[in-house]
Amino acid sequence: MADVPEPTVLASDYFHSYSVVGLLALVGVLFVAVAFGAGRLLRPVVPTPEKLLTYECGVDPVGEGWAHTQVRYYVYAFLYVIFAVDSIFLFPWATVFAAPGYGATTLVEMFIFLGFLTVGLLYAWKKGVLSWA
């Protein structure tokens, strides 16, 4: 068999890939800018005192605009984000785990990641954050 030379990656091919990504990003930014500009030009602007009032669920505003929010709502949001990231991380992990040669290393990495999540969940449970009252 004849020796087949390995393909070489030229710098022009490398930068061409980035120029395509840059062009798509520029087109996306221009699209958003044109949409916002058209909305600003085409919308009717008739400010009245009624329109400038704070609106919430059809109820007229009473009192100050500031309200106290309990911290536990933010904790629930953080817990949601943690488990959303966990679920997003599990899908690529499953594909890498199925590939030959990566099984043991990938399994150990996943258990380390799940261990960190478990420690965070146990900490939140110990502090009483997970009880709704």
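The buried residues of helix H2 are Leu 79, Asp 86 and Trp 93. Buried here means under 20% relative accessible area, exposed means over 50%, and partly exposed is in between, with a 1.4 Å probe and protein chains only. Helices are DSSP runs of H or I with at least four residues, strands are runs of E with at least two, and both are numbered from the N terminus.

Before going on, the ground rules. This is a predicted model, in which local features need pLDDT of at least 70 and side-chain atom pairs count only at pLDDT 80 or more, while totals for chains, interfaces and linings use all residues. Residues are numbered from 1 along each chain as its sequence is written, and side-chain values use heavy atoms, with hydrogens and water left out.

Back to H2. It has 28 residues and reaches 41 Å from its first C-alpha to its last, close to the expected 40 Å; the expected span is 1.5 Å times one less than the number of residues.

Now the chain as a whole. There are 3 helices and 0 strands, in the order α-α-α from the N terminus. Of the 133 residues, 5% are buried. The accessible surface is about 12500 Å², and carbon and sulfur atoms hold 73% of that. Areas come from the Shrake-Rupley method with a 1.4 Å probe; for residues, only the protein chains shown count as cover.

On confidence, pLDDT is the predictor's confidence in each residue, from 0 to 100. The chain mean is 79, with 80% of residues at 70 or more. Confidence is lowest in H2, at a mean of 76, and highest in helix H1, residues 11–42, at 91.

Next, Met 110, in helix H3. Is Met 110 buried or exposed? Met 110 is buried, with a relative accessible area of 3%. Leaving out residues up to four places away in sequence, Met 110 touches Phe 89, Leu 90 and Trp 93, where contact means heavy atoms within 4.5 Å.

Last, the surface. Ile 82, Phe 83, Leu 121, Leu 122, Trp 125 and Leu 130 form a nonpolar patch with about 570 Å² of accessible area together. Patch residues have over 30% relative accessible area and no salt bridge; like charges are joined within 9 Å, nonpolar side chains (Val, Leu, Ile, Met, Phe, Trp, Tyr) within 5 Å. A salt bridge is a side-chain nitrogen of Lys or Arg within 4 Å of a carboxyl oxygen of Asp or Glu. H3 gives the most to the patch, with 3 residues. Leu 121, in H3, is partly exposed at 34%.
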